[in-house]
Amino acid sequence: MRSVTPPNLPGDRRPLGQPVDLVAVVTTNGRPGTISYRWLRNDGTSSDVLYEEVPRGRHEARLHLLWTFRGHGTYRAQAELRITTPGHRAVTTGFSYDCP
């Protein structure tokens, strides 16, 4: 796993209900296979186990988490990606969401 790219939010005013797209970039060896993973959020929400099929010759997989915010105020959001196969890896990212 190379990185998790946080959303470009500082100073960005988004309309209520517009999702934020968190993207984890997973580097692969180019062999075919399946990545199984879950997203866990600090608001208590977690995804089911998700699967990304990686075809032969592809060296990168992008795993998305769409997070929609409702209401006004500031929220310190945090998301953890847990890859369960192949291997076990975890990475966390955080950002602040501000809606006046």
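How much space lies in the largest pocket? About 240 Å³.

1. **Basis.** This is a predicted model, in which local features need pLDDT of at least 70, side-chain atom pairs count only at pLDDT 80 or more, and totals for chains, interfaces and linings use all residues. Residues are numbered from 1 along each chain as its sequence is written, and side-chain values use heavy atoms, with hydrogens and water left out.

2. **Overall make-up.** The chain has 7 strands and 0 helices. Read from the N terminus, the order is β-β-β-β-β-β-β. Strands (E, at least two residues) and helices (H or I, at least four) are DSSP runs, numbered from the N terminus. Of the 100 residues in the chain, 33% are buried. Buried means under 20% relative accessible area, exposed means over 50%, and partly exposed lies in between (1.4 Å probe, protein chains only).

3. **Contact range.** Take the contacts between residues at least 6 apart in sequence: 61% of them join residues at least 24 apart. Contact here means heavy atoms within 4.5 Å.

4. **Pocket definition.** The search runs on a 1 Å grid over the protein atoms alone. A pocket is an open set of points where a 1.4 Å probe fits, with protein on both sides within 12 Å along at least five of seven lines. Lining residues have an atom within 4 Å of a point. Points are joined across faces, edges and corners, and the volume is the space filled by probe spheres set on them.

5. The largest pocket holds about 240 Å³ of space. It is lined by 14 residues, and those closest to its centre are Val-26, Thr-27, Thr-28, Ile-35 and Pro-86. Strands E2 (19-27) and E3 (33-41) each supply at least two lining residues. E3 gives the largest share, 3 residues. By type, the lining divides into 7 nonpolar, 5 polar and 2 charged. The classes are: Ala, Val, Leu, Ile, Met, Phe, Trp, Tyr, Cys and Pro nonpolar; Asp, Glu, Lys and Arg charged; the others, Gly among them, polar.

6. **Thr-28.** Is Thr-28 buried or exposed? Thr-28 counts as buried because its relative accessible area is 18%. Its side chain reaches the backbone oxygen of Arg-58 at 2.6 Å and the backbone nitrogen of Gly-30 at 3.4 Å. Both are polar contacts (N or O atoms within 3.5 Å; within protein, one able to donate a hydrogen and the other to accept it; residues adjacent in sequence count only if both atoms are side-chain atoms). Beyond four places in sequence, Thr-28 touches Val-54, Arg-58, His-59 and Glu-60.

7. **Pro-86.** Pro-86 lies in the loop between E6 and E7. The peptide bond from Thr-85 to Pro-86 is cis, with omega near -5°.

8. **Nonpolar core.** The largest nonpolar core has 20 residues; Ile-35, Leu-63, Trp-67 and Phe-95 touch the most other members. E2, E3, E5 (60-68), E6 (73-85) and E7 (89-99) each supply at least two of its residues. Such a core is a set of buried Ala, Val, Leu, Ile, Met, Phe, Trp, Tyr and Cys residues joined through side-chain atoms within 4.5 Å. Leaving aside neighbours within four places in sequence, the contacts of Trp-67 include Leu-22, Asp-43, Tyr-75 and Phe-95.

9. **Ile-83.** Ile-83 sits in strand E6. It is buried, with a relative accessible area of 6%. Ile-83 and Ile-35 are 48 residues apart in sequence, yet 7.1 Å apart in space, C-alpha to C-alpha.

10. **Asp-43.** This residue is in the loop between E3 and E4. Asp-43 counts as partly exposed because its relative accessible area is 37%. Its side chain makes a polar contact with the side chain of Arg-41 (2.5 Å). A polar atom of the Asp-43 side chain also lies 3.0 Å from the backbone nitrogen of Thr-45. Beyond four places in sequence, Asp-43 touches Trp-67 and Tyr-75. The C-alpha atoms of Asp-43 and Tyr-75 are separated by 9.9 Å.

11. **Ser-47.** Ser-47 is in the loop between E3 and E4 (50-54). Ser-47 is buried, at 17% relative accessible area.
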